[in-house]
Amino acid sequence: MTTWTGLLFFLCSILSPALCCDWFSRYSHQSNISLTLIRLMGGPMTDEESPVSFPYKLYRRIRRAEVETQLVFIRESLKQIFELYHYGNLSSVNWDTSKTHHFLQSIHRQKDDVSTCMLSTKTANCRLKNYYRRLAKKTLYRTGFSTASWELIRKVTEQHLDQLDLLANSIRALAAASRRRSGPRPQKD
Ligand SMILES: *[C@@H]1O[C@H](CO)[C@@H](O)[C@H](O)[C@H]1NC(C)=O
Ligand SMILES: *[C@@H]1O[C@H](CO)[C@@H](O)[C@H](O)[C@H]1NC(C)=O
């Protein structure tokens with residue numbers, strides 16, 4: 001038993017701490033709260049199209065990357081989303097103030113949860129940062145933080161949170177599969 005635990009621990013520390021760390025349940029709970037709040041903090045989502053197309057390509061690419069890189073991607077995305085709202089001028093929005101505040105807190109916690117088991121100090125590639133910069137520039141900055149531009153940002157944020165949730169779930173599934181592959185546990189007699 002000790003040997004098995006030792007071996008597993010060894011593999012976890014060498015291969016990928018992310019696969020072994022129990023970050024997921026807290027993260028998943030927090031992700032649910034963020035998604036719920038972004039839907040409830042304002043009225044129905046706008047039908048307007050964002051001037052910056054949604055970066056499905058980035059998500060497709062990250063799905064083929066290794067787990068540590070995926071976690072870095074999730075963490076960086078949450079940071080970028082947090083900063084959009086945190087440093088933006090929100091005075092034109094008619095969202096529920098308290099829900100908006102809790103939404104931001106939730107995004108921050110979600111970012112912390114995904115960071116808990118990351119040893120990596122890697123930073124995300126600049127495509128992701130460029131995307132968020134372009135998004136802010138073509139919506140919020142261009143219109144001086146108009147109501148309509150914030151509604152676009154809220155809609156796009158929901159899409160990102162959905163995608164990040166899917167990505168986290170796929171990491172979770174991979175971790176579960178790799179635990180099963182690590183072989184039959186020794187039977188107690
Ligand atoms: C959050 O979790 C509840 C309970 O499991 C579920 O009914 C709800 O659909 C979830 N909400 C989102 C936005 O995923
Ligand atoms: C925020 O925007 C409003 C108009 O929507 C403006 O009156 C106010 O000065 C802006 N605040 C800052 C800090 O730029």
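Lys79, with a relative accessibility of 34%, counts as partly exposed, a class lying between buried (under 20% relative accessible area) and exposed (over 50%), with a 1.4 Å probe and protein chains only. The structure is a predicted model, in which local features need pLDDT of at least 70 and side-chain atom pairs count only at pLDDT 80 or more, whereas totals for chains, interfaces and linings use all residues. Residues are numbered from 1 along each chain as its sequence is written, chains are lettered from A and ligands numbered from 1 in the order in which they are written, and side-chain values use heavy atoms, without hydrogens and water.

The protein chain contains eight helices and zero strands, these being DSSP runs numbered from the N terminus (helices: H or I, at least four residues; strands: E, at least two). The order of elements from the N terminus is accordingly α-α-α-α-α-α-α-α. Of the 189 residues in the protein chain, 43% count as buried.

The side chain of Lys79 meets that of Glu83 in a salt bridge, with an N to O distance of 3.9 Å; the criterion is a side-chain nitrogen of Lys or Arg within 4 Å of a carboxyl oxygen of Asp or Glu. Side chains of opposite charge can pair when their charged atoms come close. Glu83 is likewise partly exposed, because its relative accessible area is 28%. Both Lys79 and Glu83 belong to helix α5, where they are four residues apart, about one turn of the helix.

By this rule, six salt bridges are counted. Among them is the pair Glu151 and Arg154, whose closest N and O atoms are 3.3 Å apart. These two residues stand three residues apart in helix α8, so about one helical turn separates Glu151 from Arg154. Both Glu151 and Arg154 are buried. A further salt bridge joins Arg39 to Asp162, at 3.6 Å between the closest N and O atoms. This pair links distant parts of the chain, with Arg39 in helix α3 and Asp162 in helix α8, 123 residues apart. Arg39 is partly exposed, at 39% relative accessibility, and Asp162 is also partly exposed, with a relative accessible area of 32%. Arg39 and Asp162 take part, together with Glu158, in a network of salt bridges.

Gln80 and Tyr132 are 52 residues apart in sequence, and their C-alpha atoms are 6.7 Å apart in space. Ser149, located in helix α8, is buried with a relative accessible area of 3%. From Ser149 to Ser92 the C-alpha distance is 9.7 Å, at a sequence separation of 57 residues.

In the loop between α7 and α8 lies Phe145. This residue has a positive phi of about 60°, although it is not a glycine.

On the surface, Lys57, Arg60, Arg61, Arg64 and Arg127 gather in a patch of positive charge. Such a patch is made of residues with over 30% relative accessible area and no salt bridge, like charges being joined within 9 Å and nonpolar side chains (Val, Leu, Ile, Met, Phe, Trp, Tyr) within 5 Å. Lys and Arg count as positive and Asp and Glu as negative, with His and the chain ends not counted; the charge is placed at NZ of Lys, CZ of Arg, CG of Asp or CD of Glu. Helix α4 (residues 56-63) provides the largest share of the positive patch, three residues. Lys57 lies in helix α4 and is exposed, with a relative accessible area of 57%.

Notes:
Accessible areas come from the Shrake-Rupley method with a 1.4 Å probe; for residues, only the protein chains shown count as cover.
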